[in-house]
Amino acid sequence: MDRSTYGWGGVSTGTPAYTFAPTSVRDLKQIFSSGEHKSFLGRGLGRSYGDCALNTDGALIDCRFLNRLLSFDPETGILKCEAGVSILNVNRLLSTTGWMLPVVPGTQWVTIGGAIANDVHGKNHVQEGCFGAHLIALKLARSNGEVFDCSLESNNELFAATIGGLGLTGLILSAKLQLRRIQSLTMKARRIPFDQLSTLFSLADEHFEAWEYHSVWLDPATGCRKGHYIMANHSQRQGNLTWPAKRRIRFGVMAGFPSDLPGRLVMKTGNLWYRRGIRSGAQETTADAVLYPLDRLPDWNALFGKPGFFQHQSVLPTAVAESALDELLSVIETSGQRVLLAVGKWFGPRSSPGLMSFPVPGFSIALDLANHGTKTHKLLDTLDGVVADCGGKLYPAKDARMSPTLFTSGYPKLEQFTQQHDPLFASDFWRRMEQSG
Ligand SMILES: Cc1cc2nc3c(=O)[nH]c(=O)nc-3n(C[C@H](O)[C@H](O)[C@H](O)COP(=O)(O)OP(=O)(O)OC[C@H]3O[C@@H](n4cnc5c(N)ncnc54)[C@H](O)[C@@H]3O)c2cc1C
């Protein structure tokens, strides 16, 4: 039987020696105490692009069945749930309550444990910071069987290391989160086309105050030098609070397709949709459309077939963001390779309690590139050089190949973090960083 597990981009494969799906702490303690396993790693819904949720030759702990909602207080907006609960299910639970998660990534198919372990960010980072900024407490199981209640007040070092800790401090069992109030799931959105990078940056300066959610689509057909600036706010009027029921469209059958052609065609259509199909100016839309645009095609990654694709997501510090972005795009242009999808966001100064959190103030750009083997690796290495030279960093949740040197330079609290690392927790990403480090 093929036990392989994959990163979302399809370029990283791991073969765990065992996969377990515990439903209780008792199950978990049995796994830890069996003495049979070289290493452990939690896995959520596998939405990380590279190898941070893979554990070759070790035990992979599938957390999807630790999925109980423990409590919700409609007065305070405090939610307690197990770590395998998905954001999709939290949204559904909160339907009609007037509360929602303050920070969400670009897909709902992410578990709460995965959101903590990568300290995910959303399009509203400038105002709300990362997921971890809204985490009140978490319960963590270590491989020696001990369970810790962690918060800013109690076991705070473990708390800080677990937020953005890539699943390496132990298994997150449950979380206590502070939600935010909303009047409606209707949003007001505005799109402004821009035709040069300098305009993109001045648009941001102009609109930060008035709008909460900011994102940028860069048009690959123009070398990513033109695009749309997209802003959105929650409607302040009372309105619909029901999350839409999700249709699941599956393309899993094509996962073994020998080329990335279907993927490239879908990306082309997606970009066309951005370019032609969207009115500029202000319009009313739904939170679902603003927050999770890619969820309309849930398994779109499979369309890239066996070669898979890379996502290069960096953050470029504010002072140099425009020139560094210009350089990244010039490098890609010179290489003759094409970006499939390019999406940007801003990160603000709000810091996370997490030691290993990715965001620092600046512009974050995610560039999707089809995997053409050595020539793509070469291009990615050159892009890394631009990021390193401008003092930027890469996002481990999206990474399948960055060097340990770039990782170390981007994460200055790495040493403090490793003191909290559970010695029996490991991932393919972590071994890659250790091996050549
Ligand atoms: C379409 C798409 C859009 C995305 N948009 C964004 C975005 O806007 N912002 C952003 O920040 N990210 C984004 N991501 C990345 C995604 O949010 C993260 O990779 C997230 O961590 C995935 O969660 P998961 O449940 O799938 O976890 P996995 O990918 O399975 O695991 C991620 C990490 O969490 C650890 N982990 C999982 N569960 C536990 C647990 N219970 N205890 C301990 N460790 C655990 C794993 O070991 C691994 O290190 C996007 C991904 C996709 C596919």
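**The ligand and the cavities of a predicted model**

Good morning. I begin with Y395, where a polar side-chain atom lies 2.7 Å from an oxygen atom of the ligand. With 970 Å² exposed when the ligand is taken alone, the protein buries 98% of that area. Please keep in mind that this is a predicted model.

In N118, an N or O atom of the side chain is 2.9 Å from an oxygen atom of the ligand. H121 uses its backbone instead: an N or O atom there lies 2.8 Å from a nitrogen atom of the ligand.

What surrounds the ligand as a whole? The shell has 19 nonpolar, 13 polar and 4 charged residues. Of these 36 residues, the nearest are G42, R47, S48, T111 and Y395. Strand 4 (40-43), helix 3 (112-117) and strand 11 (171-178) each contribute at least two residues to the shell.

How many cavities of 30 Å³ or more does a search of the whole structure find? The search finds 2.

The largest cavity has a volume of about 70 Å³. Its lining includes Y395, together with K398, D399 and R401. Strand 17 (residues 309-317) gives the most to this lining, with 4 residues. By class, the lining has 5 nonpolar, 3 polar and 3 charged residues.

The second largest cavity has a volume of about 60 Å³.

Thank you for your attention.

How values were computed: Residues numbered from 1 in each chain as written. Predicted model: local features only at pLDDT ≥ 70, side-chain atom pairs only at ≥ 80, totals over all residues. Heavy atoms only, no water. Near = heavy atom within 4 Å. Polar contact = N/O pair within 3.5 Å; in protein donor to acceptor, adjacent residues only side chain to side chain. Areas by Shrake-Rupley, 256 points an atom, 1.4 Å probe, with all protein chains shown as cover. Nonpolar A, V, L, I, M, F, W, Y, C, P; charged D, E, K, R; others polar. 1 Å grid on protein atoms, 1.4 Å probe; cavity = no way out; pocket = protein on both sides within 12 Å on 5 of 7 lines; lining within 4 Å. Points joined across faces, edges and corners; volume = space filled by probe spheres on them.
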